[in-house]
Amino acid sequence: MLAAFQERFAALQASPAAPESPDAVTLRHHRWQSCALQWRAFIHTLFAELESGVEPAAAQAFYRSVGLRFAEGMALPPCESLEDLERAIGDCWAALDWGWVRLVDEGQFLRISHGAYPVPHAGPPHPGDTAPALMSPPWMSYMLEGVYTRWMGELGGTGLLAVCRNRQVPITQPLIFDFGRHG
């Protein structure tokens, strides 16, 4: 255990020869901060078991419902501008170590980019280990749809939905949501 800590500490202290790419920074975040080691296998097994026992549409509805409930416990303060809203959401995620968010007004939609979201299976635990490109878990996008739908609804977007545009992306890429009228 001490040797693993020392190796991790040494890796964090080492200064790379060249600046890290945003993908490398995000992947490092996922490997070290996304999910505590003692929970990774459990969470992966929990979601696999849930998904094996229900129809995909029922699982998706369940994840969105979890997101709606999750957002209830993290109410956003009143916001006067898009910058205020981005800061408030970013503060909520920072408090949970759930990554970062960027908001862009696209006219018909509010574009929400959410990066460095939690991933319970973030690959090799040691620097230098290699792994194939790891993909975002689909359940995360459905859960975040619920969160963003609830938050925006509470701020005046009643009846509008957050819909993910890219459910399965490498974990180094943000999930992108369009909040607005769909269908």
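Trp39, Phe42 and Leu46 make a nonpolar surface patch of about 330 Å². Patches are made of residues with over 30% relative accessible area and no salt bridge; nonpolar side chains (Val, Leu, Ile, Met, Phe, Trp, Tyr) are joined within 5 Å, like charges within 9 Å. Accessible areas come from the Shrake-Rupley method with a 1.4 Å probe, and for residues only the protein chains shown count as cover. Trp39 sits in helix α3 (residues 37-52). Its relative accessibility is 44%, so Trp39 counts as partly exposed. Here buried means under 20% relative accessible area, exposed over 50%, and partly exposed in between (1.4 Å probe, protein chains only).

The model is predicted: local features need pLDDT of at least 70, side-chain atom pairs count only at pLDDT 80 or more, and totals for chains, interfaces and linings use all residues. Residues are numbered from 1 along each chain as its sequence is written, and side-chain values use heavy atoms, with hydrogens and water left out.

The secondary structure comprises six helices and four strands. Helices (H or I, at least four residues) and strands (E, at least two) are DSSP runs, numbered from the N terminus. Along the sequence the pattern reads α-α-α-α-α-β-β-α-β-β. Of the 183 residues, 36% count as buried.

The four strands form an open sheet in the order β1-β2-β4-β3, with antiparallel pairing. Its edge strands are β1 and β3 (161-164), each of which pairs on one side only. Neighbouring strands of this sheet are turned by 25° against each other on average, direction ignored. For this angle, axes are lines fitted to C-alpha atoms, for helices over the stretch in contact, and angles run from 0 to 180 degrees between N-to-C directions. Two strands pair if DSSP finds at least two bridges between them.

Six bridges join β1 to β2 in the antiparallel sense. Val104 belongs to β1 and stands opposite Arg111 in β2. Val104 is partly exposed, at 38% relative accessibility. Val104 and Glu86 are 18 residues apart in sequence; their C-alpha atoms are 9.3 Å apart in space. The β1-β2 hairpin has four residues between the strands, and Gly107 there takes a positive phi near 90°. On the pairing of β2 with β4 (residues 175-180), five bridges are found, again antiparallel. His114 has Leu175 in β4 as its bridge partner.

Most residues other than glycine have a negative phi. Two non-glycine residues with positive phi deserve mention. Asp97 has a positive phi of about 60°. Asp97 lies in the loop between α5 (82-96) and β1 (100-105), and is partly exposed at 28% relative accessibility. Ala116 also has a positive phi of about 60°. Ala116 occupies the loop between β2 (110-115) and α6, and is buried, with a relative accessible area of 6%.

Helix α6 covers residues 138-154. At 1.5 Å a residue, its 17 residues should span 24 Å; the end C-alpha atoms are 25 Å apart, which agrees. The expected span is 1.5 Å times one less than the number of residues. Of the 17 residues of α6, 13 are buried. Just after α6, Gly156 takes a positive phi of about 115°.

Seven salt bridges are found in the whole structure. A salt bridge is a side-chain nitrogen of Lys or Arg within 4 Å of a carboxyl oxygen of Asp or Glu. Glu145 forms one with Arg64, the closest N and O atoms being 2.7 Å apart. Glu145 lies in α6 and Arg64 in α4 (residues 56-72), so this pair ties together parts that are 81 residues apart in sequence. Glu145 is buried at 2% relative accessibility, whereas Arg64 is partly exposed at 30%.

Glu72 forms a salt bridge with Arg150, with the closest N and O atoms 3.1 Å apart. Glu72 is in α4 and Arg150 in α6, so the pair ties together parts that are 78 residues apart in sequence. Glu72 is partly exposed, with a relative accessible area of 43%. Arg150 is partly exposed too, at 24%.

Arg111 also takes part in a salt bridge with Glu106, where the closest N and O atoms are 3.9 Å apart. Glu106 is partly exposed, with a relative accessible area of 43%. Salt bridges link Glu106, Arg111, Arg165 and Asp178 in a network.
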